[in-house]
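Let's take a walk through this protein chain together. Have the sequence and the fold open side by side as you read.

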Amino acid sequence: ILEASLRASGLVSKLLSFGRKKDLAFETLDLHTLLKETILLLKRTIDKKIDIILKPRAENPAINGDISTMQNVIINLALNAANAMEDGGTLRLITRNLSLDENYCSLSPFDISPGDFIELEVRDTGTGMAPEILNKIFDPFFTPKEQGKGTGLGLSSVYGTIKNHSGAITVYSELGTGTVFHIILPCSENSLPKIKQQKSTLVGSGHILLIDDEEIIRLTSKPILEKLGYTVELAADGIEGIKIFEKNYKNIDLVITDMIMPQMNGSEVFKKMKEIDKHCKVIISSGFTKDENLMLLKKQGLSGFIKKPFSRNELGELIHRILS
């Protein structure tokens, strides 16, 4: 659940980046790890009659890619395959390494350069597609499904993502036999990042005022903070938070406030608290805040910012650093 939530959060961030015409966040990825994580998700969502088989044959699985959009590529291809196997079947995902020369790349309709690649083969045993459909499947808004059962955007987004990753995608299908997609992506010249060791949770002590208009955030954050060793007081909005702070600011060691709230947002709460006690420590929490706004608040004395969703370790480390 946590992994899926973090992936969803990452996807939303990428959609915001896309809307603002910013570059996606490319990093060195292990394609085999991404496939394994995505298959765990797929096994809980597609028909149990479909067997998913992964054959990670590539010796070098490292690519430079955007993790959320690459996962969407795998999910889209897998769901399309599942739709073609209503009575069950087998979905195979196979990887291998390739070396492509100048001659191959010059003949490809994709903008690819000679070098080392990883190929991902996605093969199903479904109904297959007729040639006239096969020629249109990457067109935006084209779908062979009946009206109301498909947007026609899944495979066009797959095509766009592969092009953005300097790769290529081809498809072959036979009616009554199945369909196979071949994706090739350049291998990364960077080594894969080492798996981070789980840090021990930093505990502490002190009185924290938590301000958030979402009840679920208050109900879940309070026990987390208490397990970290802190005494917690809750406020449902900025106005209530200011009232509590005015009465008891000498005993409050830290304030954690949401940014987007009705009546009074986190920025206004922070400024008002600074008027009451210029030495107060305040953390702002939000799923989306403009960098320039944060820089201005930090110049005015904001102690820290934490992006939602956050883990207990992240929160504990930030609080410990500020209160120390």
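Is Thr 257 buried or exposed? Thr 257 is buried, because its relative accessible area is 0%; buried means under 20% relative accessible area, exposed over 50%, and partly exposed in between, with a 1.4 Å probe and protein chains only.

Before going further, a word on what you're looking at. This is a predicted model, where local features need pLDDT of at least 70 and side-chain atom pairs count only at pLDDT 80 or more, while totals for chains, interfaces and linings use all residues. Residues are numbered from 1 along each chain as its sequence is written, and side-chain values use heavy atoms, with hydrogens and water left out.

**The whole chain**

The protein chain has 11 helices and 12 strands. Both are DSSP runs numbered from the N terminus: helices are H or I with at least four residues, strands are E with at least two. There are 324 residues in the protein chain, and 41% of them count as buried. Its accessible surface is about 18,500 Å², with 52% belonging to carbon and sulfur atoms; such areas come from the Shrake-Rupley method with a 1.4 Å probe, and for residues only the protein chains shown count as cover. Take the contacts (heavy atoms within 4.5 Å) between residues at least 6 apart in sequence: 71% of these join residues at least 24 apart.

**Around Thr 257 and β10**

Thr 257 sits in strand β10. Setting aside neighbours within four places in sequence, Thr 257 is in contact with Ile 211, Gly 266, Val 269, Val 282, Ile 283, Ile 284 and Ser 285.

Why is β10 largely enclosed by the rest of the structure? Because 5 of its 5 residues are buried. In a regular strand, side chains alternate between the two faces of the sheet. In β10, Leu 254, Ile 256 and Asp 258 are on one side and Val 255 and Thr 257 on the other, and all are buried, leaving both faces covered.

β10 also has strand partners on record here: β8 and β11 (residues 282-286). Two strands pair if DSSP finds at least two bridges between them.

| Strands | Sense | Bridges |
|---|---|---|
| β8 and β10 | parallel | 4 bridges |
| β10 and β11 | parallel | 4 bridges |
| β2 and β4 | parallel | 7 bridges |
| β4 and β5 | antiparallel | 10 bridges |

β4 covers residues 89-100, and β2 covers residues 50-56. Ile 50 has Gly 89 in β4 as its bridge partner. On the β5 side (residues 115-124), Leu 100 stands opposite Gly 115.

**The cavity**

How many cavities of 30 Å³ or more does the structure hold? It holds 1. On a 1 Å grid over the protein atoms alone, a cavity is a set of points where a 1.4 Å probe fits but cannot get out, and lining residues have an atom within 4 Å of a point. Grid points are joined across faces, edges and corners, and the volume is the space filled by probe spheres set on the points.

The largest cavity has a volume of about 60 Å³. It is lined by 13 residues, with Leu 210, Ile 217, Ser 221, Ile 256 and Phe 310 nearest its centre. β8 (207-211), α7 (215-227) and β10 (254-258) each supply at least two lining residues. The lining splits into 7 nonpolar, 3 polar and 3 charged residues. Here Ala, Val, Leu, Ile, Met, Phe, Trp, Tyr, Cys and Pro count as nonpolar, Asp, Glu, Lys and Arg as charged, and the others, Gly among them, as polar.

Ala 168 belongs to strand β6 (residues 168-174) and is buried, at 8% relative accessible area. Ile 183 is 15 residues away along the chain, yet the two C-alpha atoms are separated by 5.7 Å. Beyond four places in sequence, the contacts of Ala 168 include Phe 110, Ile 112, Ile 162 and His 182.

Ser 166 lies in the loop between α6 (154-164) and β6. Its phi is near 60 degrees, a positive value in a residue other than glycine, and Ser 166 counts as partly exposed at 39% relative accessibility. Gln 263, in the loop between β10 and α9 (266-276), also isn't a glycine and has a positive phi of about 70 degrees. Gln 263 counts as exposed, because its relative accessibility is 64%.

Conventions
On a 1 Å grid over the protein atoms alone, a cavity is a set of points where a 1.4 Å probe fits but cannot get out, and a pocket is an open set with protein on both sides within 12 Å along at least five of seven lines; lining residues have an atom within 4 Å of a point.
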